[in-house]
Amino acid sequence: MAGRINDDDVKAVRDAVPIDAVVSEYLQLRSAGGGNLKGLCPFHDEKSPSFQVSPSKGLFHCFGCQEGGDTIAFVMKLDHLSFSETVERLAAQAGITLRYEEGGYNPAGQRGERTRLVEAHKAAALFYAEQLSGAEAEIGRTFLAERGFDQAAAEHFGVGYSPVGWDHLTSYLRGKGFSDKELLLSGLSQDGRRGPIDRFRGRLMWPIRDISGEVVGFGARKLRDDDNGPKYLNTPETAIYKKSQVLYGVDLAKKDIAKASRAVVVEGYTDVMACHLAGVTTAIATCGTAFGADHIKILRRLLMDNGSARVIFTFDGDAAGQKAALRAFEDDQKFAAETYIAIAPDNMDPCDLRLAKGDEAVQDLVEPRTPLFEFAIRQIVSRYALETPAGRAAALDEAAPIVARIKNGASQHEVAVQLAGILGILDTQFVVKRVAQVARWARDRGGRGPAAPPERGARRNDPQGPQGAQAPAGRGPSGPALNLRSPAHRTERELLKLALQRPELVSPAFDAYGGDEFTAQPYAAVRRAIEDAGGAEQGVGAAFEYLARVRDAAPNDAVRAMVTELAVEVFHGKTIDETYAGEQLVQVRLRAVDLRIRDVTGTLTRLGTHSDPEHYAAVQNELWVLQQYGQSLRNQGAAAL
């Protein structure tokens with residue numbers, strides 16, 4: 001069993017790897033104000049950004065699904081790694097050598113499984129790339145040259161070659177210290193009669209990288225006639241490779257996709273290469289599977305779903321390409337971006353088009369022309385005889401449910417009008433009403449069918465809204481739901497944000513406040529966590545360590561999530577200074593005093609003048625003191641605290 005990573009080394013990793021740099025590897029971030037950044041949450045499906053990152057505090061939090069934490073937590077949750085695997089990965093990126101408290105330096109055999117599989121793929125990619133220059137690989141180099149790819153192109157994309165023999169890679173990786181079990185789990189080797197043998201033999205090899213740039217699999221192209229396998233053979237599903245969650249070329253394209261708010265989806269590895277070399281550096285491709293919902297999630301996080309975002313599909317014009325386009329249209333409504341389809345002249349793919357007509361032809365191909373919905377509708381209605389009334393009616397019956405799936409009412413109306421034109425139906429309003437009728441039927445069936453409405457209340461994207469602070473059922477602390485329209489909750493929230501983000505502005509006064517001064521139970525729990533961590537005074541000049549202690553002091557995940565949320569949320573005030581902090585301190589204390597005055601007044605009323613005179617006098621005195629203190633707070637503000 002691997003030793004425990006030294007605590008100082010874990011802290012060094014946290015400090016050395018900025019959270020915004022790590023998160024930016026997975027999604028596009030934009031300014032959220034107050035030094036924070038925002039983007040589309042990678043942990044749940046949303047259409048407007050509720051995910052925020054605070055670089056100064058090293059924390060992230062999603063106001064929609066309540067996920068939050070530091071850099072290590074982000075990578076653990078998104079890539080499904082263990083704590084040690086995450087620290088090891090981040091340490092490798094930062095060039096930090098880790099120490100292990102049980103048994104000294106961690107030997108290779110004790111590393112986390114996922115880390116070992118990634119290391120095996122990295123070593124395999126280097127091995128295959130070296131083999132491409134050998135005599136046996138001439139057939140592979142010829143294949144590339146015939147498609148317009150020189151040595152520099154092969155090196156840029158990491159293209160390699162797998163030797164024909166049974167166990168060249170297997171022996172090489174064994175020599176690097178990888179066990180037979182690891183080789184089989186990685187998918188690089190498979191069982192043979194006498195032990196593991198190479199899975200890929202005599203093929204051109206494309207390394208498949210995840211969005212962070214790590215090699216997680218390979219695509220292998222057949223080169224020889226005596227190879228009885230499929231034309232393309234991909235890595236099988238493993239702990240690190242899920243074909244439905246990987247896009248070839250996304251590691252190279254992600255920055256340009258985010259910058260241009262545009263992605264080009266092609267069908268193969270050589271098409272991605274051709275596009276990038278032609279200047280279309282936003283091209284990506286699926287890996288042996290149809291373009292689906294998980295791929296959309298990857299692109300949406302990069303595109304940020306702004307109004308000008310575009311996705312262009314370049315399917316072939318043959319029957320298979322048309323079928324792929326219709327499949328893509330099935331998920332079209334999961335995009336906020338506009339989707340288009342581009343079909344090259346003579347049904348050429350981008351690779352063939354570049355060979356035949358040059359780079360400019362590829363650039364011209366991916367300029368948006370035909371909206372995907374229009375292509376899909378035309379493919380459907382092309383099967384009917386539109387010159388007859390019966391044919392037009394039948395085409396409308398099949399096409400109307402497709403248009404009815406469009407959730408945006410204005411877009412649905414516009415597409416319905418276009419459908420009428422495609423069908424040749426002069427009564428446009430008849431088609432519009434027909435589509436609307438189908439959409440209503442679907443809604444009446446509870447969303448089973450086209451135009452299924454989103455689940456009401458399922459998404460809370462607005463951190464400032466009335467429900468923004470309410471934790472999901474089963475996750476939040478007990479007590480009343482938080483409501484930021486409540487002045488009490490709003491002020492308490494601001495004060496806790498100050499205590500976590502700007503402790504120098506509220507310390508030491510804040511540390512004299514009790515948990516009972518916070519009327520919302522979740523906020524009282526956060527106040528207690530700050531107290532258990534040593535108070536806000538501990539955070540002056542030591543933000544990272546202080547927030548880590550507060551999160552560690554939280555009694556459960558729900559309170560820990562609330563701490564993270566408050567630590568990254570922007571303030572409501574325009575100027576955050578001592579005056580603003582004093583106002584929040586006074587309002588929270590004054591509200592607590594007023595509540596106590598009401599309680600004591602009620603006690604006096606219940607006691608009456610016939611009660612024990614000494615007790616009655618003591619209660620009267622307490623009421624007088626509270627009233628005087630309340631008046632001082634109103635007159636003198638923070639000076640009376």
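**Strands, helices and cores**

User: Do strand β13 and β14 pair in the parallel or the antiparallel sense?

Analyst: Strands here are DSSP runs of E, at least two residues long and numbered from the N terminus, and two of them pair if DSSP finds at least two bridges between them. Strand β13 (residues 262–266) and β14 have three bridges, with Val264 standing opposite Ala283 in β14. That pairing is parallel.

User: What kind of model am I looking at?

Analyst: Residue numbers start from 1 along each chain as its sequence is written, and side-chain values use heavy atoms, with hydrogens and water left out. Local features need pLDDT of at least 70, side-chain atom pairs count only at pLDDT 80 or more, and totals for chains, interfaces and linings use all residues, since this is a predicted model.

User: Back to β14: which residue there is the bridge partner of Tyr248?

Analyst: Strand β12 (residues 247–248) runs antiparallel to β14, joined by two bridges. In β14, Tyr248 has as its partner Ala285.

User: Which residues of strand β14 are buried on each side?

Analyst: Buried means under 20% relative accessible area, exposed over 50%, and partly exposed in between, using a 1.4 Å probe on protein chains only. In a regular strand, side chains alternate between the two faces of the sheet. Both faces of β14 (residues 283–286) are covered. The buried residues are Ala283 and Ala285 on one side, and Ile284 and Thr286 on the other.

User: How do the residues divide where α17 contacts α19?

Analyst: The axes of α17 (residues 389–404) and α19 (residues 428–444) come within 8 Å and cross at roughly 65°. Contact means heavy atoms within 4.5 Å, and the meeting residues include Leu396 and Asp397 in α17 and Phe430 and Arg434 in α19. They divide into ten nonpolar, no polar and two charged.

User: Which residues have the most contacts inside the largest nonpolar core?

Analyst: A nonpolar core is a set of buried Ala, Val, Leu, Ile, Met, Phe, Trp, Tyr and Cys residues joined through side-chain atoms within 4.5 Å. A second, separate core of 44 residues includes Leu144 and Val159, while the largest has 80 residues. Inside the largest, the ones with the most contacts are Phe51, Phe74, Leu299 and Phe313.

User: Is Asp9 buried or exposed?

Analyst: Asp9 lies in helix α1 (residues 7–16) and touches Thr97, Leu98 and Arg99, not counting residues up to four places away in sequence. Because its relative accessibility is 6%, Asp9 counts as buried.

User: And how does Gln363 count?

Analyst: Gln363 sits in helix α15 (residues 359–365) and touches Ala278 and Val280, leaving aside residues up to four places away in sequence. Its relative accessibility is 35%, so Gln363 counts as partly exposed.

Terms used
Axes are lines fitted to C-alpha atoms, for helices over the stretch in contact, and angles run from 0 to 180 degrees between N-to-C directions. Helices (H or I, at least four residues) and strands (E, at least two) are DSSP runs, numbered from the N terminus. Ala, Val, Leu, Ile, Met, Phe, Trp, Tyr, Cys and Pro count as nonpolar, Asp, Glu, Lys and Arg as charged, and the others, Gly among them, as polar.
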